[in-house]
Structure formats: structure tokens, C-alpha cells
Amino acid sequence: MSKIYYKSPEEIELIRESSLLVSKTLAEVAKIIAPGITTIALDKLAYEFIQDHGAIPAFLNYGGFPNSLCISPNDQVVHGFPNEYVIKEGDLISVDCGVIKNNFFGDSAYTFSIGEVDAEKQKLTKVTQECLNLAIEKAVVGMRIGDIAFAVQHHAETNGFGVVRELVGHGVGVKLHEKPEVPNYGKRGSGVKLEEGMVIAIEPMINAGTAAVKFWSDGWTVTTKDNKPSAHFEHTVAVKKGKADVLSTFSLIEEVLKEKK
């Protein structure tokens, strides 16, 4: 799909339904994520939850990806395979989820801090989430993709963190990855103009150290080059006049995490 596909209000509501199911799935993950749990156990839970709600895991078999979730611990940036890795105290675990429901996609990601994490990881997750919020503020009619990109880059780099260049956000709707690409670095006032009906996945991928990454021979896993931790937060967002409409939510996840404390 080389052209941007603009969505009707009715289609945006269907994307919202898919996106909220992603949020609910991540909240289910939040209930059991803890030291001693394997990442494959989280994947199994998500697969069953998505199926039970009349949807399909969007990542499963996408380009040959073997799982329902991308789970990326610590220095893994994105696209980590769920496996027998046992989560431990102090880990950062990025969990990316997508679903297809009523032929529309939803996509969101959240980085979980497991127990007590060190100061660097605390700052990294806080700043990455702030990057996402600042970017969403720019997802309004009349702005440009470069305004979103600059918001992420400026805030991350001001805080001494690296902004991943090789991976970007994207349009989302009838396909998981549509036009336009939504980078996390760029110049204000550049790129595609934002218009009503555009739905985009904004997803800062921010490294504690260098921006440089390594691509594994498995064709999927991406890690930081300096082995420092990375964080990833993502929302599916509809471009609107005045204020963006965030179709996914972290509130369900954060309610669960609050109850667990």
C-alpha cells in the first residue's frame, strides 16, 4: 500500500475496538508478569485472551514471526521472541501486541519495570513515555510527521538518550503497517502533512546509551549495540483537529500495576 489510506469515522471506531483489545491484552500480561515467569508464558496467555475475544493475534505468522507478542528484555529494542527466558527482578520487559478484529488492526506496546529497577532504567522508561505523550500532542491536523519526530528526538536527546533510527512507527488500519512511516527523529515542519482520517502508530524506541543497534541473524531481534537497556512505548492514534484521539490506552495496565504494589 503506497498511498495513505484515510479512515472514515466508522472505521476509526473499529480500529479503536481493536486497539482497546490490545490494551486489555497488555493488562492481562500485567497481571502475571513478575520474577520467575517465562516470556513464553506471557505469549500463551495473550494468544488465548485475544482468541477468546473473537480476534486474531496480528503478529502471529506475520512475515514468519512465530508468536503473538514481541517480548524484548533489557537491551533488546524490539521484535524479541517469547521463549524460556525467566523474568527477573530489575528487568525492563518491552511487550508489543497487535490484534485484528473486524478486519482492522490495533497496535500498542508497553515497557514493564520488574520490581525495583535501577535509576537509569527508571529515567529511561519515564522519558520514553514522555516522548510518546509529546509526540501525540503533535498528531493534529495541519502539523507534519517531522513535528512528531522532532518532539521525540528532542526530548530523548535532551535527557542524554539515543533515538533508534532504523525502526519507525507507521500508519495502521486495514494493514498492520501502512503509509506514512513515523520516525522518531527529524525536522520540525518536514514530511507528510497530517490530515483528518489518518491513523498512525507512534512508537518511540529509546536507548539508554548509543542510538546504534544490532540486527540478529534470526531476522527479527534487535538489540542495542552497547548492550545498554532500551524502552518502547506505543499508541495507535487518530489524527484530529485540535487534539489527537488516542485509540489505545495505558490506564488498564497501570490500574493492574497499582493493585499489584
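Mentor: Let us start with a definition, since two strands count as paired here if DSSP finds at least two bridges between them. This is a predicted model, and in it the bridge partner of G169 in β8 is V182.

Trainee: OK, and over how many bridges do β7 and β8 pair?

Mentor: Strand β7, residues 169-171, pairs with β8 over three bridges in the antiparallel sense. G171 stands opposite E178 in β8, and the two strands form a hairpin that has six residues between them.

Trainee: What's the order of strands in the sheet?

Mentor: Five strands form an open sheet in the order β8-β7-β9-β14-β15, and the pairing is antiparallel. The edges are taken by β8 (178-182) and β15 (245-246), each of which has a single partner strand, so one side of each is left without a neighbour in the sheet.

Trainee: And which helices pack on it?

Mentor: Helix α1, residues 9-32, packs on the sheet and touches β9 (199-202), β14 (235-238) and β15, with its direction making about 165 degrees with that of β14. Helix α4, residues 145-158, also packs on the sheet, where it touches β8 and β9, and its direction makes about 40 degrees with that of β8.

Trainee: Which residue takes a positive phi in the hairpin of β14 and β15?

Mentor: That is G242, with a phi near 85 degrees, in a hairpin that has six residues between the strands.

Trainee: Changing topic, which residues have the most contacts inside the largest nonpolar core?

Mentor: That core has 52 residues, and those with the most contacts inside it are I33, L69, V95, F112, I148, I202 and I253. Leaving aside residues up to four places away in sequence, V95 touches L26, V29, L69, C70, I71, S108, A109, Y110 and F112. There is also a second, separate core of 14 residues, which includes F65, F104, F105 and V199.

Trainee: What about α3, how far does it reach?

Mentor: Helix α3 covers residues 119-137, 19 residues in total, and reaches 27 Å from its first C-alpha to its last, close to the 27 Å expected at 1.5 Å a residue. At its start, a side-chain oxygen of D118 comes within 3.2 Å of the backbone nitrogen of E120. The buried residues of α3 are K121, L124, T125, V127, T128, C131, L132, A135 and I136.

Trainee: One last thing, where is Y5, and what does it touch?

Mentor: Y5 is found in the segment before α1 and is partly exposed, with a relative accessible area of 27%, which lies between the 20% under which a residue is called buried and the 50% over which it is called exposed. Not counting residues up to four places away in sequence, Y5 touches E11, V174, E178 and G197, and a polar contact of 2.4 Å joins the side chains of Y5 and E11. Y5 and K179 are 174 residues apart in sequence, yet 7.5 Å apart in space from C-alpha to C-alpha.

Key
Residues numbered from 1 in each chain as written. Predicted model: local features only at pLDDT ≥ 70, side-chain atom pairs only at ≥ 80, totals over all residues. Heavy atoms only, no water. Core = buried A, V, L, I, M, F, W, Y, C linked by side-chain atoms within 4.5 Å. Buried < 20%, exposed > 50% of the residue type's maximum accessible area, 1.4 Å probe, protein only. Contact = heavy atoms within 4.5 Å. Helix = DSSP H or I, 4+ residues; strand = E, 2+ residues; numbered from the N terminus. Expected span 1.5 Å × (residues − 1). Polar contact = N/O pair within 3.5 Å; in protein donor to acceptor, adjacent residues only side chain to side chain. Axes fitted to C-alpha atoms, helices over the stretch in contact; angles between N-to-C directions.
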